[in-house]
Structures are given as C-alpha cells and as structure tokens.
Amino acid sequence: HEHAVAIDPRHADALNNLGAHYVRMEFHEKAIESYDRALRIDPRHSVAMTNKGRLLRSLGRTREAELLYREALGITRSGLTLNYLGSLLFNTERYAEAASAFREALEIDSADDAEVNQNYALALSKIGGVSQAI
C-alpha cells in the first residue's frame, strides 16, 4: 500500500487502502492521517469516510464516527455503512433510529445478511416491535 502511494501520492483509493492497512497494524494516528489525505484529494470518497468512522468509533469517538457515517450515506447509500450506523445508534440506545438504519440496509443490499437481520430484530425488540422481529 505504501508503494502505491509512493508511486501516486494523490491516489485516494491507495490512501484509503493504506489507512485500512494501518488500522490492521494498530497505527491509528497514521490511519487517520491516510484517510484524511484521501478525503482531501476526493472529498466524496464515501468508503474512506466509512473506514475513518469505523476507526473513530473503535477509539470511542462516537459522535465523529456518526457524522462520518451520515456524510458517507449522503453520497452513497450503502447497506454496509447503514449497518455500521445502525450498530452505533443501537449502542447509544437510539433503538428506533437503529431499526430504521438496519431496515434500509436490508432493503438496499443485505436482505440475506444474517448479521443485519439479527441487528434489526434486536433493535425492533428494544422498541416493542417483537412481532416484526420474528
């Protein structure tokens, strides 16, 4: 990944991939820097936004993560990003919003995704939608 960035330091996808590599290596600050560089080059790079959001959430920076997820979703409606947002909302006890995010994720591209279905059912159970959850 570093080689690809060295060849073309303005390649947003390569910088996003480098950020993901740094996350796996647990070099969190370097990962954030890579995602930020990707977003400076391509401010509409929704995957870099989502990846940075996932990292920030893992670091306890929930509000920043939520804003990034929402910004990414404003560019591309992604079932994966909706699932991440739904999980964040669920964990902050905003169950109705979480259920809505999970439902949309299922409608977009995850209808057979067991994890998203389970998340949706859990969120529904928290808001009294048990019959829908079954």
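## Close-up views of a predicted model

View 1. Helices here are DSSP runs (H or I, at least four residues), numbered from the N terminus. Helix α2 covers residues 12-24, 13 residues in total, and spans 19 Å between its first and last C-alpha, close to the 18 Å expected at 1.5 Å a residue. That expected span is 1.5 Å times one less than the number of residues. Which residues of α2 are buried? They are Ala12, Ala14, Leu15, Asn16, Leu18, Gly19 and Tyr22. Buried means under 20% relative accessible area, exposed means over 50%, and partly exposed is in between (1.4 Å probe, protein chains only).

A word on the model: it is predicted, so local features need pLDDT of at least 70 and side-chain atom pairs count only at pLDDT 80 or more, while totals for chains, interfaces and linings use all residues. Residues are numbered from 1 along each chain as its sequence is written, and side-chain values use heavy atoms, with hydrogens and water left out.

**View 2. Glu66 and its partners.** Side chains of opposite charge can pair when their charged atoms come close. A salt bridge is a side-chain nitrogen of Lys or Arg within 4 Å of a carboxyl oxygen of Asp or Glu. Glu66 forms one with Arg70 (3.0 Å, N to O); both lie in helix α5 (residues 62-75), four residues apart, about one turn of the helix. Glu66 also meets Arg94 in a salt bridge (2.5 Å, N to O). Arg94 sits in the loop between α6 (79-91) and α7, so this pair ties together parts that are 28 residues apart in sequence. Is Glu66 buried or exposed? Glu66 is buried, at 4% relative accessible area, whereas Arg70 is partly exposed at 37% and Arg94 is partly exposed at 27%. Look for the network of salt bridges that links Arg63, Glu66, Arg70, Arg94 and Glu97.

**View 3. The pair Arg61 and Glu64.** How many salt bridges does the structure hold? There are seven. One joins Glu64 to Arg61, with the closest N and O atoms 2.8 Å apart. Glu64 is partly exposed at 36% relative accessibility, and Arg61 is partly exposed too, at 31%.

**View 4. Leu56 in helix α4.** Leu56 belongs to helix α4 (residues 46-58). With a relative accessible area of 1%, Leu56 is buried. Its C-alpha lies 9.2 Å from that of Glu66, ten residues apart along the chain.

Methods. Helices (H or I, at least four residues) and strands (E, at least two) are DSSP runs, numbered from the N terminus.
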